[in-house]
Amino acid sequence: MHIRDVAVDPPLILAPMEGVTDITFRRLVRGIGGVGLVCTEFIPASGLAEDIERCRALAELDEDEHPVTIQVYGREPEALAAGARAAQALGADIVDLNMGCPSKKVCAHSGGSALMKEPELARAIVRAIRAAVDVPFTVKMRSGWDPAHKNAPELAWMCQEEGAEAVTVHWRTRADLYGGERELDTVAEVKRRLSIPVVFNGDIVDVDSAREAFVHTGCDALMIGRGAIRNPWVFQQIRHALFDGPAVVVDASEKERVLLGYFDAILHRFRSEKGALGRWKKISKHFTDGLPHGALLKDDVLHAQSVAEARDRVAAFFERLRAWEAGDADAFASRLAS
Ligand SMILES: Cc1cc2nc3c(=O)[nH]c(=O)nc-3n(C[C@H](O)[C@H](O)[C@H](O)COP(=O)(O)O)c2cc1C
């Protein structure tokens with residue numbers, strides 16, 4: 001799949017996620033492989049334009065991190081245009097507009113999914129960003145504001161008319177938040193109407209859900225969010241099954257390698273130990289899914305008081321696990337008894 005001249009190969013995209021998809025998490029996912037495009041979390045356009053340090057840090061990219069999208073949000077067309085220009089200057093291959101965020105904080109200022117209720121403002125914003133950047137420009141939205149107002153097909157059409165070069169549609173409405181009843185027809189309708197690439201988003205967690213989304217909607221690519229936190233190997237697994245690419249073995253050693261590697265990366269990046277530990281806990285508790293005795297590791301990680309303690313506990317867990325896998329049935333006995 002191409003977004004203008006940007007190849008997205010394989011057509012599997014890491015979703016923008018606030019507090020998750022910073023440079024270290026994107027490195028982790030790229031290091032595992034199978035992802036065709038990664039994205040920053042949403043960044044206030046005005047903060048990027050004014051070069052506020054916190055916003056610039058969110059937009060920091062690795063030199064070899066291409067293709068990469070920087071996502072901006074806001075409500076003022078001029079501010080969004082300026083933020084998009086700044087994103088381009090910082091090295092974004094693609095600039096994306098957030099029209100899907102359901103958070104009250106963002107919607108209260110007419111940003112995020114609230115724009116789906118204000119199509120004329122949305123049009124002015126899309127037009128302003130289009131005029132401001134030379135790189136491809138994309139829009140991410142939900143299927144509508146609520147189940148009675150699923151206007152993604154009309155809105156996506158407007159985006160295409162105004163020069164957007166791809167749209168991503170999360171099948172949920174704003175009212176669904178992260179619940180709702182899975183409904184893929186609206187995304188299929190967007191795909192039927194548009195000639196630009198359409199990216200499907202929402203609850204892709206494995207090969208079966210990926211296949212279903214491609215088949216049911218005819219979409220050009222998939223965007224994966226929470227599924228990639230739980231299982232950052234998901235891109236490789238889907239690529240192997242649906243495209244071409246090596247098979248992936250996600251055993252205990254691979255989980256340990258990625259978990260500790262990620263730990264080192266965030267320690268290096270975060271100024272405070274507390275911040276690094278918090279971020280690591282947030283991500284690593286998901287890695288324990290599917291591991292034998294994974295609940296113990298989850299507990300170990302969540303209760304660690306310091307970086308050193310967390311590292312020691314993880315190393316001890318995996319040592320036990322290796323012994324257990326080698327046939328020592330009692331390797332976890334003392335832990336299970338306590
Ligand atoms: C922790 C978290 C943070 C998110 N932050 C953003 C964001 O910054 N920008 C955005 O467009 N969507 C954001 N989203 C929404 C995701 O990009 C995605 O649309 C949603 O999670 C559905 O996809 P999934 O089922 O694959 O997770 C966020 C979701 C989560 C769980």
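**Ligand shell and cysteines**

By class, the shell around the ligand comprises 6 nonpolar, 6 polar and 5 charged residues, where Ala, Val, Leu, Ile, Met, Phe, Trp, Tyr, Cys and Pro count as nonpolar, Asp, Glu, Lys and Arg as charged, and the others, Gly among them, as polar. This is a predicted model, in which local features need pLDDT of at least 70 and side-chain atom pairs count only at pLDDT 80 or more, while totals for chains, interfaces and linings use all residues. Residues are numbered from 1 along each chain as its sequence is written, and side-chain values use heavy atoms, with hydrogens and water left out.

Visitor: Why is cysteine 55 called buried?
Guide: Buried means under 20% relative accessible area, exposed over 50%, and partly exposed in between, with a 1.4 Å probe and protein chains only. Cysteine 55 has 2% relative accessibility, so cysteine 55 counts as buried.

Visitor: How do you know that cysteine 159 is in no disulfide?
Guide: A disulfide is a pair of cysteine sulfur atoms within 2.5 Å. The structure holds 0 disulfides, and for cysteine 159 the nearest cysteine sulfur, that of cysteine 39, is 16 Å away. Cysteine 159 is also buried, because its relative accessible area is 0%.
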